[in-house]
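Here's a quick briefing to read with the structure open beside you. Take it one topic at a time and find each residue as you go.

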Amino acid sequence: MKVAAGGGPSSLGTGPAFDPLAEPAAAADRSFGADRDWLLRFAPPSQSSALAALFTVEHEVLASLRSGIEHRVAHLRLEWWQEELARLATGRPRHPATRLLADAARARAATPPDLAGLIEHVRVDLATVAFADRGELDAHLEHWARSVFREAALCDPQLAAADPRVRATAEWIAARAGCAVRELELLTEFTRHARDGRIYTPLGDAPESYANWSAEPLGESERATLMHRAEGLCSVLREAAQMLDVGHRRVLRVPLLWMAFACARQVLPADLSRGAAPVAPLRRTIGAWRDALRITRGGLPRALQMRTP
C-alpha cells in the first residue's frame with residue numbers, strides 16, 4: 001500500500017528517523033472511541049489521568065493498523081513501541097504517556113504496568129492471520145486483556161490501601177471479563193475489520209474462504225453466528241458481574257462500566273443489526289452517569305443485570 005497523503009501516522013515518513021517522541025502530545029480533546037471517552041468521563045477523578053495515558057498508548061500502538069499506512073511504517077512504529085513498553089516495564093520510559101503511567105504506578109506503590117501483550121495483539125492483527133480454532137482466537141484476545149484491560153482495572157489508587165481481597169477481586173474480574181470485552185469490540189466493527197483481511201471468528205484447520213465473512217452485507221448464516229456469539233459473551237460478562245461482592249464494586253467502577261458498555265452494544269454493525277437506531281449522545285451520557293452512580297452505591301449497570309426469561 002502507498003502512504004496516504006495528509007495527516008495521521010501515514011504522514012510521519014518511512015525512513016529510520018521515525019520517532020513518536022517527535023509527535024505532539026495527545027490533545028485534551030482527543031477521542032479514543034465512544035466507550036473509552038465515556039470511561040474517561042465517568043471514571044473516578046483519581047484514575048482519569050492514568051486512564052488517559054493508557055488509552056493514548058493503546059491508540060498509538062493500534063495506529064499501526066490504520067488503513068493507508070505503509071506496511072514498513074507500521075512495523076517501524078510497532079518496533080518503537082515494543083522498545084518503549086519494555087522501557088516502561090523497567091521504569092525507564094521516554095514517551096509522555098508511558099512516563100505518566102510509570103508515575104501513576106509509583107504513586108500507588110505498584111510496579112510499572114506490563115503492556116507487552118498489546119504489541120503481540122497488534123502484531124498478529126498486522127499479519128492478518130486466520131484463526132484456526134477458538135483457542136487461537138482466545139489467545140489473541142488474551143494479549144489485549146492482560147495488558148490494557150488489566151491495567152484499567154488495577155489503576156485505582158484506592159487499591160493500594162484496600163483489603164488484599166479487593167485487589168484479588170480486581171485481578172479476577174480483569175482475567176474473567178477482558179477477553180469478552182475485547183471480542184465484543186471487534187465484533188461491533190466486524191465488517192470493517194473483515195474488509196482489511198482480519199476475520200475475528202475461527203475459520204478451521206483448513207481455513208474456509210474469507211469471501212462469506214467479508215461480504216457486505218453478511219449472509220444470514222454468518223450474521224446469526226456472530227449474533228449468537230455476542231449474546232454468549234454478554235452472558236459471560238453479566239455472570240461475572242453478579243459474582244462480585246457488593247462491597248468491592250465501587251472500586252471496580254472502570255472495569256464494570258467497560259463491561260456494561262460492551263454489553264449495551266447488543267447489536268453489532270448496521271449489516272447485522274438490520275437498521276437498529278444508534279443511541280443518541282445525550283441519552284447515552286445520561287445512561288452512563290446513572291450506571292456510574294449505581295456502581296458507587298454497590299449496584300450494577302443495567303446492561304450487566306441478569307435478564308429474566
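Ala160 sits in helix 7 (residues 158–161); helices here are DSSP runs of H or I with at least four residues, strands are E runs of at least two, and both are numbered from the N terminus. Ala160 is exposed, with a relative accessible area of 52%. For that label, exposed means over 50% relative accessible area, buried means under 20%, and partly exposed is in between (1.4 Å probe, protein chains only). Keep in mind that this is a predicted model, where local features need pLDDT of at least 70 and side-chain atom pairs count only at pLDDT 80 or more, while totals for chains, interfaces and linings use all residues. Residues are numbered from 1 along each chain as its sequence is written, and side-chain values use heavy atoms, with hydrogens and water left out.

**Around Ala160**

- Ala160 and Ala110 are 50 residues apart in sequence, yet their C-alpha atoms are 7.8 Å apart in space.
- Ala110 belongs to the loop between helix 4 (96–107) and helix 5 (116–127), and it counts as partly exposed at 25% relative accessibility.
- Leu159 is 49 residues from Ala110 along the chain, with 9.8 Å between the two C-alpha atoms.
- Arg108 is in the loop between helix 4 and helix 5 as well, but Arg108 is buried, with a relative accessible area of 9%.
- What does Arg108 touch, not counting residues up to four places away in sequence? The list is Glu151, Leu154, Cys155, Asp156, Pro157 and Ala160, where contact means heavy atoms within 4.5 Å.

- Most residues other than glycine have a negative phi, and most peptide bonds are trans.
- Ala109 has a positive phi, near 60 degrees, although it isn't a glycine.
- You'll find Ala109 in the loop between helix 4 and helix 5, and it is exposed, with a relative accessible area of 73%.
- Thr128 also has a positive phi, near 45 degrees, in a residue other than glycine.
- Thr128 lies in the loop between helix 5 and helix 6 (134–154) and counts as partly exposed at 31% relative accessibility.
- A cis peptide bond joins Glu216 and Pro217, with omega at about 0 degrees.
- Pro217 is in the loop between helix 10 (211–214) and helix 11 (220–242).

**The whole fold**

- How many helices and strands does the protein have? There are 14 helices and 0 strands.
- Of the 309 residues in the protein, 47% are buried.
- Take the contacts between residues at least 6 apart in sequence: 74% of them join residues at least 24 apart.

**Two helices crossing**

- The axes of helix 1 (residues 34–42) and helix 12 (residues 253–265) come within 10 Å and cross at roughly 145 degrees; axes are lines fitted to C-alpha atoms, for helices over the stretch in contact, and angles run from 0 to 180 degrees between N-to-C directions.
- Helix 1 supplies Asp35, Arg36, Trp38, Leu39 and Phe42 to this contact, while helix 12 supplies Arg253, Val254, Leu257, Trp258, Phe261, Ala262 and Arg265.

**The nonpolar core**

- The largest nonpolar core has 86 residues, and those with the most contacts inside it are Val57, Leu237, Leu256, Trp258 and Met259. (A nonpolar core is a set of buried Ala, Val, Leu, Ile, Met, Phe, Trp, Tyr and Cys residues joined through side-chain atoms within 4.5 Å.)
- Helix 8 (residues 164–188) gives this core its largest share, 11 residues.
- Leaving aside neighbours within four places in sequence, Met259 is in contact with Phe149, Ile173, Ala177, Val181, Leu237, Ala240, Ala241 and Leu304.

**Aromatic rings**

- A search of the whole structure turns up 8 aromatic pairs. (Rings of Phe, Tyr and Trp, using the six-membered ring of Trp, pair if their centres lie within 6.5 Å; planes under 30 degrees apart count as stacked, over 60 as edge-to-face and the rest as tilted.)
- Phe55 and Trp258 have ring centres 5.6 Å apart and planes at 85 degrees, so this pair is edge-to-face.
- That pair links distant parts of the chain, with Phe55 in helix 2 (residues 45–62) and Trp258 in helix 12, 203 residues apart.
- Both Phe55 and Trp258 are buried.
- Ring pairs also link Phe32, Phe55, Trp144, Phe149 and Trp258 into a cluster.
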